[in-house]
Amino acid sequence: MSAEAFAKSVPPVVTLNNLTAMIEADEYGHRFELSAEGVVTITLPPDAEHAGIASDLFAWLLAAGWPPRQILQAVGIRISLPEGDGGRIPDVTLWTEPPQGVWPKTTRLVLAIEIVSPSSRTTDREHKVKEYARAGIPHYWVVDRDPANTVTLYRSNGSDDCETATKLPLAWLLQSAPGDHLPPAS
């Protein structure tokens, strides 16, 4: 589909149903996300390093006793805010029980992890920090792609904001126990 044809196919107000249709029609594997304010973000598929970091985090959580169906990679989540419903696709999510369907609500979401890519830097480090806190997601981690793959661990402070719990290299995080940073596996 040409850029012109794509632009003509986008409705004036995009809903999660529209976003799902765009994702299904995309033949290139892009990620489409929708903020609660209606802003559509399109990013490239993850590269091999990005996917490797996601796999390391999955294996770390799995080894700590979390069931595999509660640790999901690249699943869409519904961000319900007063402005409307948005849809985000964190790189790794951790749930109290397996979610169902497309764009599940975040009520059972324990942790959302974003691995920063050049095209998602501002969204992951700024917009999603605030958005996820407002949506009530208790833990949000950002993995930077610096030499140490620095992980910033945010946690909700119970209001519409979050606080930085700590920053540490990914290798250090993976040597710790998830229970040092999260509630125990259920």
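User: What makes the meeting of the side chains of E49 and R145 a salt bridge?

Analyst: This is a predicted model, in which local features need pLDDT of at least 70 and side-chain atom pairs count only at pLDDT 80 or more, while totals for chains, interfaces and linings use all residues. Residues are numbered from 1 along each chain as its sequence is written, and side-chain values use heavy atoms, leaving out hydrogens and water. A salt bridge requires a side-chain nitrogen of Lys or Arg within 4 Å of a carboxyl oxygen of Asp or Glu. For E49 and R145 the N to O distance is 3.2 Å, so the pair meets the definition.

User: Which parts does this pair tie together?

Analyst: E49 belongs to helix α3 and R145 to the loop between β8 and β9, so parts 96 residues apart in sequence are tied together. Helices (H or I, at least four residues) and strands (E, at least two) are DSSP runs, numbered from the N terminus.

User: Why is E49 called partly exposed?

Analyst: Buried means under 20% relative accessible area, exposed over 50%, and partly exposed in between (1.4 Å probe, protein chains only). E49 has 43%, so it is partly exposed. R145, at 25% relative accessibility, also counts as partly exposed.
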